[in-house]
Amino acid sequence: WRAISAAKGGDNYVTAHDINTHFTIPWTRGTGCSLALLLDSDPGRVQVMLSHSWSGSFQQTLNAVKTLITMHFLPVDTMMFFCAFSQYQVEDGVENGLSIKEQIDMDPFSTVIQAKPEHGMFVIHTTLSEVYERLWCVDEVFEAQKAGIRLFGLFDPDAWSSRAFYKKIKIKTEDAICSEESDKVRLREKIKQEGGFAPLDKAIKLFRRQAHVDLGVVLVFQASFGSMDIDVDNAQHATPSVARSAWHTVRSFYEWASWLRAISDLEKKNLESIRAVEAEEGVAPIQQKQKLQFSEGLENDKDAKHRRIDLDSIEAVAAEEEPALIEQEENLHYLEGLK
C-alpha cells in the first residue's frame, strides 16, 4: 500500500483498480472464488448493496463504508455486496472459476437489487471521481427504482465540505460512459426503453439532497462531539446510546434548519414571480430610466469613472453570489422527504 500510495501521490489517489491489481487478484488467483467467499463461504443474504466507481478513492471508500456503523447504525456484521470483492476478478480460466463476462451475463447487480436488500442501496461518493460518470452505476439506480428500494448517499465526511458536495447534487446521467462498448449500447437501450435518463437524474438529485443534509449533520456532530471514526475490528458494540442520542438531536436540528432553507427557496421563487409581473406592468422600464439618469449624472462627476467601476464590481459579485433557484415542484418533494 505504501509503495502504491507513494507512486500515485498519496493515499487519496489509490483506487479500486489498484487494490484489484496488487491485492485482490494475487490473493484469489487459482481459487475460482471471490475475495468475499474466501473470507466467508456461507455469507447469507445480502443486506446492503454498495454502488461505487472503481476510479474513486479507495481510502475514502473505506471511510465511507465505516459510516454505515457510525451514521446509519447498521450492525458491524451486515452483509454487503461490493462488486470489487464479491466477484471473481481473476481472468485465469481456472476450473469452476467464472470469467468476468460470464459473471456479468448472469446479471449480478440487478439480481442483488431485485432481491431488495434489507437496508437498501448506498452509493459511495468520493472526491476523486464522479460515480455517475460510469454507466453501470447509473444502471444500478435504474434497477433500484424498479425494485422500489431506498437510495442513500455514502461519503467520507473528512473528505467533503458541505459546499463541495452541494455542487454534485445535479447530474446528467445520459453522458455516462462504459469501458466496454457492447455494455454501453445494451445499458443505454434498456434505460431508454423504460423511461429514459431524466427520471434517474431526478432520483439521484433527491437522494443527494438528503445526503447533503446527512453531511451537514456529520460536520456539526464532529465539531460538537469529536471524530466519529471507529475501530471496526472492535465495533461489536459500536455507537453507544449517548452518542446515538446526541446524533439524533443534531440531526433533528439540522433537518429543521434545512426545512427553513427550503421554505426560503419557495419565497425566493415567489419573489421572482412578483418581479416578472412588475416587469410586464412597466416597472422595469421605469427602473431602467432611473439607471440611465444615474449614469448620465456620473458623466458630469469627476469621480464617475471610479464609481462606475465600483458599481460594475458590485453587480458582478452580486451575480456570482446569487443562489440558484430550486424549482417549486422539487422543493415540495424535498419538504416531503424531510417530514
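This is a predicted model: local features need pLDDT of at least 70, side-chain atom pairs count only at pLDDT 80 or more; totals for chains, interfaces and linings use all residues.
In helix 6 (residues 100-105), Asp-105 and Lys-101 sit four residues apart, which means that about one helical turn separates them. Asp-105 and Lys-101 form a salt bridge, with 3.0 Å between the closest N and O atoms. Both Asp-105 and Lys-101 are exposed. Across the whole structure, a search finds nine salt bridges.

Asp-139 and Lys-190 meet through their side chains in a salt bridge, at 2.8 Å from N to O. Asp-139 belongs to helix 8 (residues 135-147) and Lys-190 to helix 10 (residues 181-193), so this contact ties together parts that lie 51 residues apart in sequence. Asp-139 is buried, its relative accessible area being 1%, while Lys-190 is partly exposed, with a value of 21%.

Lys-190 also forms a salt bridge with Glu-143, and here the closest N and O atoms are 2.9 Å apart. Because Glu-143 lies in helix 8 and Lys-190 in helix 10, this pair ties together parts that are 47 residues apart in sequence. Glu-143 is buried, with a relative accessible area of 4%.

Key
Residues are numbered from 1 along each chain as its sequence is written. Side-chain values use heavy atoms; hydrogens and water are left out. A salt bridge is a side-chain nitrogen of Lys or Arg within 4 Å of a carboxyl oxygen of Asp or Glu. Helices (H or I, at least four residues) and strands (E, at least two) are DSSP runs, numbered from the N terminus. Buried means under 20% relative accessible area, exposed over 50%, partly exposed in between (1.4 Å probe, protein chains only).
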